[in-house]
Amino acid sequence: MQNDKELFDMIKDTYPQHPRNEFISSTENNLRQKARSMNKKLMLKKVSTISSGFLLFSFAISWFFFFNGKEEITGIFNSVENQSYLVMEEKDPLVYIYHTHNLESFMPELGVSNSDEAISDSKNVTLVGKELSKKLNENNISTIHDETDINGILLERNLSFFDSYTVSREKLQATLTEYKNIKMIFDIHRGSEKRTDTTKNIDGKDYARMLFVVSKTSDNYEENNKFAHKLHEKLEKLYPGLSRGVIEKGVNPKNTYNQDLHNDSVLLEIGGVENSFEEISRTTDAFAEIIKEIIQDKKS
């Protein structure tokens with residue numbers, strides 16, 4: 001039986017290894033024609049690619065200059081820039097909350113029945129501001145909540161209760177000097193009226209009602225009053241009856257309530273001596289919603 005080498009040698013001997021000149025010439029011509037054909041196809045492919053790129057570039061340029069492409073691209077960059085601006089802006093405090101009468105408290109939380117006893121070093125109106133600040137921050141509204149113990153400073157300096165606004169003004173002025181982007185200022189108090197006047201039932205739940213106080217003697221009276229009415233109207237639209245309205249005070253005795261330091265500054269009374277923190281918390285939820293809406297209106 002033949003092995004592989006013997007078979008391979010037999011094949012080599014069977015077929016001639018020296019082709020005829022005609023075969024060589026014919027094969028050479030066929031190969032040259034095939035090469036020219038391949039070159040033409042490659043050239044055509046290159047030309048097609050270059051032409052497509054040129055046409056696409058021309059279309060983009062035309063769209064950019066003649067079909068508002070420039071505006072759209074500018075709009076995209078502006079959008080990105082604005083988003084960055086908003087992110088940067090949100091880092092700055094927009095709302096300042098403080099409490100000139102920081103010991104004001106609520107009878108149900110203290111377990112007392114005499115309204116004169118509704119004062120506390122710990123369970124007081126400062127917790128209301130803290131709750132509102134927390135809800136604003138949760139809504140990406142950067143807020144400063146000043147928990148300064150104004151009453152403690154009065155005692156330290158041997159000042160009277162009537163000097164409260166002079167003391168709270170110091171921190172407010174320093175804050176406005178440091179943070180130029182503060183948009184709203186709220187001095188939160190609690191009212192002294194009876195529960196029937198300070199409570200509103202909405203959808204089966206009791207809310208502590210709000211009262212907006214504007215100083216008639218503030219240099220910013222017109223702006224303060226306009227701001228207070230805007231808050232009242234927004235609240236009335238979403239939560240009818242929750243606001244007790246806007247009142248004017250500060251003539252006798254004269255008191256600006258520090259509202260002369262900022263256009264959008266107002267004194268708030270949230271609830272009364274007979275309201276609970278639970279009722280007040282529902283109100284701060286609603287009020288945080290109003291503040292967010294007004295800030296969004298300012299940006300748009």
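Predicted model: local features only at pLDDT ≥ 70, side-chain atom pairs only at ≥ 80, totals over all residues.
Residues are numbered from 1 along each chain as its sequence is written, and side-chain values use heavy atoms, with hydrogens and water left out.

**Overall build**

- The chain holds 10 helices and 8 strands. These are DSSP runs numbered from the N terminus: helices are H or I with at least four residues, and strands are E with at least two.
- The chain has 300 residues, and 37% of them count as buried. Buried means under 20% relative accessible area, exposed means over 50%, and partly exposed lies in between (1.4 Å probe, protein chains only).
- Among contacts with a separation of 6 or more, 76% join residues 24 or more positions apart. A contact means heavy atoms within 4.5 Å.

**Strand β1 and its partners**

- Strand β1 covers residues 95-98. V95 and I97 point one way, Y96 and Y98 point the other way, and all are buried.
- β1 pairs with strand β2 (residues 143-145) in the parallel sense, over 3 bridges. Two strands pair if DSSP finds at least two bridges between them.
- β1 also pairs with strand β3 (residues 184-189), again in the parallel sense, over 4 bridges.
- Y96 shows both pairings. It stands opposite I144 in β2, and its bridge partner in β3 is I185.

**The largest pocket**

- The largest pocket holds about 630 Å³ of space. Of its 28 lining residues, H101, E104, F161, Y165 and H189 are the closest to its centre.
- Pockets are found on a 1 Å grid over the protein atoms alone. A pocket is an open set of points where a 1.4 Å probe fits, with protein on both sides within 12 Å along at least five of seven lines. Lining residues have an atom within 4 Å of a point.
- Grid points are joined across faces, edges and corners, and the volume is the space filled by probe spheres set on the points.
- α6 (150-156), α7 (164-178) and β8 (265-270) each supply at least two lining residues. The largest share, 3 residues, comes from α6.
- By class, the lining has 11 nonpolar, 11 polar and 6 charged residues. Ala, Val, Leu, Ile, Met, Phe, Trp, Tyr, Cys and Pro count as nonpolar, Asp, Glu, Lys and Arg as charged, and the others, Gly among them, as polar.

**Backbone details in loops**

- The peptide bond from N252 to P253 is cis, with omega near 0°. P253 is in the loop between β7 (243-249) and β8.
- N140 is not a glycine, yet it has a positive phi of about 60°. N140 sits in the loop between α5 (126-138) and β2. It counts as exposed because its relative accessibility is 58%.
- N158, another residue other than glycine, has a positive phi near 60°. N158 lies in the loop between α6 and α7. At 73% relative accessibility, N158 counts as exposed.

- T283 lies in helix α10 (residues 277-299). Its relative accessibility is 0%, so T283 counts as buried.
- T283 touches Y207, A208, M210, L242 and I270, not counting residues up to four places away in sequence.
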